[in-house]
Amino acid sequence: MLYDMPLYRPPSEAKSAIIQVTVGCSHNKCSFCSMYKEKRFTIKSEQEILYHINDVWANNKKAKRVFLADGNVLTLKTKKLLFILQEIKKKFSSIERISCYAGPKDILNKTEKELELLNHSGLDMFYLGVESGNDEVLKATNKGVNSAEMIEAGQKSVESGFVLSTMIISGLGGKAMFYDHAIDSAKVISKIKPHYFSVLTLMIEEGTELSKMVAEGRFEVLSPNQVIEEMSIIISNLDLNQTVFRANHPSNYFLLAGVLNKDKERLVGQLEQIKDSQSYRKESWRGL
């Protein structure tokens, strides 16, 4: 199959057919991320997309889920997205879900009517990287939006009918913003009330702006014990209703799963047990 590599998708899309609609990320300025740094953002032509849909279908005709890659697929004009969704549904007769990464700016740039139309036409799920709920951390990492805009983007997605999966990066505030990052992240996720919420753990990727800050002593990385403390603060301060919670990404030092708020007390207790036993995943086992 024809892909412009490297190719990324959320862990929950491991068995999905992946159709590459864009190449790279239209924002591509986040200081912690190296995912698309070697790619120049481009939108594929309708002819290229049709070819790719046919190619992916030929290799996975019974796929029930489709993930649209790369980053920022919502940058496309709504008319073109509707065309893509229509063509996917024509080919994949057993399709149950179509999903994509959704940048907060791209969500905000769509009207409610456009989002509802996309949802009714088969785009079911957004993955929104919130990363932090703290304005200072969002600014320092060049996320491109503030916490109020992130909340608006998340709420707009849910209100438009999308299943929403959000992510926070533990440790993104470093030691200096340890507490504020945790408290404000919990506030933002609580206001969005997503269907799914996951916590990843910061990894310093070579060649990123953040790696330079670490090397120059301008950013101090959290220890595994501090990651435990930060995650405990986040979970303790969340106010959610039947949100599926996961901390099972390869970047994490430990695995957690539950439903919030129902499992809040159990999850905090598990964190204490992990800290007491020091049963962390080895650094060499962590990855993206």
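Guide: Let's start with handedness: helix 7 and helix 9 make a right-handed crossing. A crossing gets that label if the near helix is turned clockwise from the far one by less than a right angle, and is left-handed if turned anticlockwise. Helices here are DSSP runs (H or I, at least four residues), strands are E runs of at least two, and both are numbered from the N terminus. Keep in mind that this is a predicted model, with local features needing pLDDT of at least 70 and side-chain atom pairs pLDDT 80 or more, while totals for chains, interfaces and linings use all residues. Numbering runs from 1 along each chain as its sequence is written, and side-chain values use heavy atoms, leaving out hydrogens and water.

Visitor: At what angle do the axes of helix 7 and helix 9 cross?

Guide: An axis is a line fitted to C-alpha atoms, for helices over the stretch in contact, and the angle between N-to-C directions runs from 0 to 180 degrees. The axes of helix 7 (residues 178-192) and helix 9 (residues 224-236) cross at roughly 30° and come within 8 Å. Helix 7 and helix 9 are therefore roughly parallel to each other; that label goes to angles under 35 degrees, with over 145 roughly antiparallel, 65 to 115 roughly perpendicular and the rest oblique.

Visitor: Which residues of helix 7 and helix 9 meet?

Guide: Contact means heavy atoms within 4.5 Å. On the helix 7 side you'll find Phe178, Tyr179, His181, Ala182, Ile183 and Ala186, and they meet Gln226, Glu229, Glu230, Ile233 and Ile234 of helix 9. Sorted by class, the residues of this contact are seven nonpolar, two polar and two charged. For the classes, Ala, Val, Leu, Ile, Met, Phe, Trp, Tyr, Cys and Pro are nonpolar, Asp, Glu, Lys and Arg are charged, and the others, Gly among them, are polar.

Visitor: How far apart are the axes of helix 1 and helix 2?

Guide: The axes of helix 1 (residues 46-59) and helix 2 (residues 78-91) are 10 Å apart, and the two pack at an angle of about 25°. Helix 1 and helix 2 are therefore roughly parallel to each other, and their crossing is right-handed. Glu46, Ile49, Leu50, Ile53, Asn54 and Trp57 of helix 1 meet Lys80, Phe83, Ile84, Glu87, Ile88 and Lys91 of helix 2. That contact has seven nonpolar, one polar and four charged residues.

Helix 2 also meets helix 4 (residues 112-120): the axes come within 10 Å and cross at roughly 10°. Here Thr78, Leu81, Leu82 and Leu85 of helix 2 meet Glu114, Leu117 and Leu118 of helix 4. By class, this contact has five nonpolar, one polar and one charged residues.

Visitor: Which residues in the largest nonpolar core touch the most other members?

Guide: A nonpolar core is a set of buried Ala, Val, Leu, Ile, Met, Phe, Trp, Tyr and Cys residues joined through side-chain atoms within 4.5 Å. Buried means under 20% relative accessible area, exposed over 50%, and partly exposed in between (1.4 Å probe, protein chains only). The largest core has 64 residues, and Leu68, Leu123, Phe126, Phe254 and Leu256 touch the most other members. Helix 7 gives the most to this core, with seven residues. A second, separate core has 11 residues, including Val137, Leu172, Met177 and Met213.

Visitor: Is Thr166 buried or exposed?

Guide: Thr166 is buried, at 0% relative accessible area. Thr166 sits in strand 7 (residues 163-170). Not counting residues up to four places away in sequence, Thr166 touches Leu128, Val130, Ile189, Pro194, Tyr196, Phe197 and Ser198. Val199, in strand 8 (residues 196-201), is also buried, with a relative accessible area of 0%.

Visitor: Which residue other than glycine has a positive phi near 65°?

Guide: That's Gln242, in the loop between helix 9 and strand 9 (243-247). Gln242 is exposed, with a relative accessible area of 52%. Asn72, also not a glycine, has a positive phi of about 60°, but at 9% relative accessibility Asn72 counts as buried.

Visitor: Which residues does a cis peptide bond join, with omega about 0°?

Guide: Met5 and Pro6, with Pro6 in the segment before strand 1 (17-20). A cis peptide bond also joins Leu260 and Asn261, with omega about 10°.
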